[in-house]
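Subject: Structure for your review

Dear colleague,

Please find below the structure that I am handing over to you.

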Amino acid sequence: MNKFNVNPVGTALLLCFWLSSYCFGQPLLSSQARFHPVISQTGMVVSQEIIASRVGADILAKGGNAIDAAVATGFALAVTLPRAGNLGGGGFMMVHLAEENKTIAIDYREMAPAEAYKDMFLDSEGEVDSKKARFSIQSSGVPGTVAGLVYAQETYGKLSLKEVIKPAINLARNGIPVSVSLAESLASRSERLQSDPGSKEYFFKANGNGYAPGDLLRQRDLAASLRRIAADGAAGFYKGKTADLIVAQMERSGGLITETDLNNYRVIERAPVCGDYRSNRICAMPPPSSGGIHLVQMLNILERWDLQTLGHNSADYIHRLVESMRRAYADRSLYLGDPEFFPVPMAQLIDKKYAATLAQQIDLDHASRSEDVHPGLSDNGESTETTHFSTWDQWGNLVSNTYTLNFSYGSGISVAGAGFLLNNEMDDFSAKPGSPNGYGLVGGIANSIQPGKRPLSSMTPTIVFDSSGAPILATGSPGGSTIITVVMQIILNVLEFDMGIAEATAAARIHHQWLPDTVYYESGISTDTMGLLREMGHIVNAKPGRLGATESIQSNTNGVLFGAADPRRHGSGAVSQP
Ligand code: DON
């Protein structure tokens, strides 16, 4: 018997279990499975609200594909997550079609109404009236969500539009149990929502009291609006009764959206922005989102260093992330806007040679000052809420979709009689060069307000492929300006640090956006690390915050799916196809 009375065979077996990759060549628990993702051999839906995830998973079980599931989830979120799910907003959908081996980007971003003009949010002193830009009826762009979801379903879905909208209609008509998260978020926006008669009626009890967790929230006008879409497709929203209700709301309160604007709304199918990061291919949303370009640009810079050796969230690693972010966001301020109105120098921004030039400017031991970093191409002149969901089907089709009203509950104004909130996406334009928008982002002429133009976005629905070209990850996030950097950290966590999607999602994040010159960080990054960053000269935000809320699906080489809903927002859920 040895001194400590330890069974040597048992100990060896236990050690073998922990170090199984060394003992057996194969880990017993693959990295993808760590940290409790939801696992599926068939299909999956991950969204910020679990009832909506279940709706999507049920559509997969009925033989629907990933696009049917995404559209069903999108309409369901308009009922169950009114702060961000929507009919009155807009967004972007990345779709990968397995059979054609093709990836497309569907742009259903809001458009500025024909009567919008460059200085429409400036006051008599020439300063930005942020209340008007964010909370007035004029803050709404022409909604794109219904056109986008209907287009995706009719072009790429397998089931009928009626079948995929039906669950949302039932949820709106029969009511949903109010979750803790919904009760809390409605209470936090009570003042703004109650100041609009429509929102007061839709989201508060008749006596003005808020809903408590467990109460039933019925949305009959919303159910009727959804029924009109089920019956007539996009025309059931952009024409007829819903269109009349939108225009009547505009006329009552000085809004700009007309019947012609609604008729002129167009979905645009675009080629995604793709780039190679080591042996992987990353495809994401092109302009009018800035997400894809800057994601690829930052990864191009970071690829030059051995990040694994630096170590996840070490000071040296974070320093490189921050310096790459600083330069990408400086470029965003000058070069990015709606490509139909401004010649975005996309090829140059995602060129590896340009990344090399930017990397050379980075001092590996000292922080730069944002005031010294300028948009770099040489030859060219409050709580917020968006929501992401990912779907994946048994045939290998997948969808990565981010859509939004911009702020939580958008402008706070509902279309009376139609049961849905209007976006305040016009604040994503640059109302005045150099004046920050609601996310502190600055811009100029590339993103100025013009009729028919789409405001620049940061939404970054993304699909990652392995070296054989097979999709391995669908991800995306809300978080305004932080979306691009959050998505990038998910990708790095998976590709560089071999984290499974649940671990990659939970890991602490950082963010920098050039201006303000501040490193934002989450709890979980050590005080020691933040101290080292300060020593390098970084300005560090006083307190940790929360960055993004990713809803992702990862696949391994055997086609097993691993889903992770972000634990930062409660109520989210990954649901496997039943
Ligand atoms: O398109 C954009 O970049 C913003 N309207 C997104 C807003 C957002 O993510 C708010 N969510 N937390």
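The notes below take up the ligand site, then the backbone, then the surface. Please bear in mind throughout that this is a predicted model.

Ligand site

The ligand is surrounded by 16 residues. Thr386, Glu425, Asp428, Ser457 and Gly480 are the closest of these. In Thr386, a polar side-chain atom lies 2.4 Å from an oxygen atom of the ligand. How much of the accessible area of the ligand does the protein cover? On its own the ligand has 340 Å² of accessible area, and the protein covers 99% of it.

Backbone

As background, most residues other than glycine have a negative phi, and most peptide bonds are trans. The following places depart from that pattern.

- Pro287 and Pro288 are joined by a cis peptide bond, with omega at about 15 degrees. Pro288 belongs to the loop that runs between β9 (280-284) and α15 (291-302).
- Leu515 and Pro516 are likewise joined by a cis peptide bond, here with omega at about -5 degrees. The loop between β16 (510-511) and β17 (520-521) holds Pro516.
- Phe35 is not a glycine, yet its phi is positive, at about 65 degrees. This residue sits in the loop between α2 (20-24) and β1 (38-40).

Surface

Which residues form a positive surface patch? The patch consists of Lys62, Lys166, Arg173 and Arg227. Of these residues, Lys166 can be located in helix α7, which spans residues 161-174.

Yours sincerely,
A colleague

Methods. Residues numbered from 1 in each chain as written. Predicted model: local features only at pLDDT ≥ 70, side-chain atom pairs only at ≥ 80, totals over all residues. Heavy atoms only, no water. Patch = residues over 30% accessible without salt bridge, like charges linked within 9 Å, V, L, I, M, F, W, Y side chains within 5 Å. Areas by Shrake-Rupley, 256 points an atom, 1.4 Å probe, with all protein chains shown as cover. Salt bridge = Lys/Arg side-chain N within 4 Å of Asp/Glu carboxyl O. Lys, Arg positive; Asp, Glu negative; His and termini not counted. Charge placed at Lys NZ, Arg CZ, Asp CG, Glu CD. Helix = DSSP H or I, 4+ residues; strand = E, 2+ residues; numbered from the N terminus. Near = heavy atom within 4 Å. Polar contact = N/O pair within 3.5 Å; in protein donor to acceptor, adjacent residues only side chain to side chain.
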